[in-house]
There are 2 protein chains.
Amino acid sequence: MIAPRGAHLTTPPRGVVGVLGGMGPLATIDFLRKMLDATPAATDQEHVPVVVSSIPQIPDRPRAFRGEGPSPLPAMIASAERLVAAGAGLIVMPCNTAHLWFDELQRAVPLPMLHMVDAALEEAEQAVGASERIGLLATEATLASRLYLDRVGTDGRRNTLQWLLPTAAEMRDQVTPGIAAVKSGDLARAASLLAGGASALAARGASAVVIGCTEIPLALSEADAGVPLIDASSALARRAVAWSMRV
Amino acid sequence: MIAPRGAHLTTPPRGVVGVLGGMGPLATIDFLRKMLDATPAATDQEHVPVVVSSIPQIPDRPRAFRGEGPSPLPAMIASAERLVAAGAGLIVMPCNTAHLWFDELQRAVPLPMLHMVDAALEEAEQAVGASERIGLLATEATLASRLYLDRVGTDGRRNTLQWLLPTAAEMRDQVTPGIAAVKSGDLARAASLLAGGASALAARGASAVVIGCTEIPLALSEADAGVPLIDASSALARRAVAWSMRV
């Protein structure tokens, strides 16, 4: 860990979690709130130390994936280096689509990183039985890239989940406009669209649904979805807090 | 502005707001949300760039003010230096009581800072007429220090507001336990206690009430208070966004 200037003035806290945020800014705030919720703390001082770089001027990730815009990687590296300079000991990134550049970012940054998809898959494998099917709600880019479906964890093991994906019509009519409605701040419309997407997966046999987009939980509750949800953002928050309390 | 390492890889955004947070962590998240709400943005990229140092292991501010614990200043300086290292161009501090050390912190940190009390007083002077009285809800330490009452702005001008403060009994029975209830997460109890404190000020003639504690707006709405509220945290968020969009 790079000690920040002035760290000699006080005991530098251990286990500073670095949050590479801004993708988008509201999802970053939601992630910070989930870290608080995952922390057993009765006083301010018992909470986990966190530094955040929320620089939203990172080129659009889905556009880059479609080959229609510049790569976000240089801006992501620059943002991560702010966290290194600020004394982070770990980097987490509360944006699923950004994980398409996870491996390149990890090679460029001298800090360990936790992978959001691994955190979600671990919770998903605990939530459903071997014979059950699991749904996935995510952006077109996350689905098309097979980020979740083909994920081989840092332990080298491929997930064995039986995935159930939205149909092309469900993506077009419910999931994609639902995510867009979150980004534009129309949470009531987003909740209705995304609940439709989740219940369609449940109707086709999903025992639970993985929320593989950090915008979706801003609008969709488990009660509205009518099916157990596994929120990748919450899963990553829990792992980040556990890392900080362990080191 | 100190350029972060790697900034050559991309265009470093101008106007990076540094948030010295963690006092407490939930108030920091609330402040970040208020910055989003104060930003006219339709896409991620239009939001203001922010770096946050939320290191909650800062010694308790009210205890230090009472002479019962160590000064928070060294830890506040160390946290601010993380923001300098991360490339902030400005520092804001969403904690009223921490402003008791604002001048010493400003002398130790090579970045401009915005003062939360000045932000709140500017909005208060616009909200009430010269003959009206204005209430103040804050911690015992903020009231006892006369942080708001005697504030001389960076423009050298002393505020001319006619202040109305809670009585000792209102502090003991409503405001202090209300703030403690926010910190322990019992927001329903906090809302009831703090609404009582606000309505007592209104009953004694306050035309509006300044919320001079970043914990209070987590529980108290204007509808519950029954009197116009001037939230120092929102006022500072608006000033921080305006700074970022101007530079």
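**Confidence**

The structure is a predicted model. For the complex, the predictor gives an ipTM of 0.91 and a pTM of 0.92. Chain A has an average pLDDT of 92, and 95% of the residues score at least 70. Residues 1-10 of chain A are a stretch where pLDDT stays under 50. The model has 22 contacts beyond four places in sequence for residues 1-10 of chain A. Where pLDDT is low, the predicted coordinates should not be read in detail.

**Interface of chain B and chain A**

Chain A contributes 47 residues to the contact, and chain B contributes 47 residues. About 3700 Å² is buried between chain B and chain A, and carbon and sulfur atoms give 59% of that area. The salt-bridge rule finds 4 salt bridges across the interface of chain B and chain A. Over all chains, the count by this rule comes to 31 salt bridges.

Two salt bridges are described here by name. In one, A:Asp44 pairs with B:Lys183, and the closest N and O atoms are 3.4 Å apart. In the other, the side chain of A:Arg61 meets that of B:Asp44 at 3.4 Å, N to O. This pair joins two chains, because B:Asp44 lies in the loop between helix H1 (25-37) and strand E2 (50-54) of chain B, whereas A:Arg61 lies in helix H2 (residues 61-65) of chain A.

Two packed helices are described by the angle between their axes and the distance between the axes. The table gives these values for each chain.

| Helix pair | Angle | Axis distance |
|---|---|---|
| H5(A) (residues 116-127) and H10(A) (residues 232-246) | roughly 100° | within 8 Å |
| H5(B) (residues 116-127) and H10(B) (residues 232-246) | about 100° | 8 Å |

In chain A, the angle makes H5(A) roughly perpendicular to H10(A). On the H5(A) side, the contact is made by A:Met116, A:Asp118, A:Ala119, A:Ala120, A:Glu122 and A:Glu123. The H10(A) side supplies A:Ala232, A:Ser233, A:Ala235, A:Leu236, A:Arg238 and A:Arg239. The residues of this contact of H5(A) with H10(A) comprise 6 nonpolar, 1 polar and 5 charged.

In chain B, H5(B) and H10(B) cross at about 100° and are therefore roughly perpendicular to each other. H5(B) residues B:Met116, B:Asp118, B:Ala119, B:Ala120, B:Glu122 and B:Glu123 meet B:Ala232, B:Ser233, B:Ala235, B:Leu236, B:Arg238 and B:Arg239 of H10(B). The contact of H5(B) with H10(B) has 6 nonpolar, 1 polar and 5 charged residues.

Conventions. Residues numbered from 1 in each chain as written. Chains lettered and ligands numbered in written order. Predicted model: local features only at pLDDT ≥ 70, side-chain atom pairs only at ≥ 80, totals over all residues. Heavy atoms only, no water. Axes fitted to C-alpha atoms, helices over the stretch in contact; angles between N-to-C directions. Helix = DSSP H or I, 4+ residues; strand = E, 2+ residues; numbered from the N terminus. Parallel < 35°, antiparallel > 145°, perpendicular 65-115°, else oblique. Contact = heavy atoms within 4.5 Å. Nonpolar A, V, L, I, M, F, W, Y, C, P; charged D, E, K, R; others polar. pLDDT = per-residue confidence, 0-100. Buried area = accessible area lost by both parts, 1.4 Å probe.
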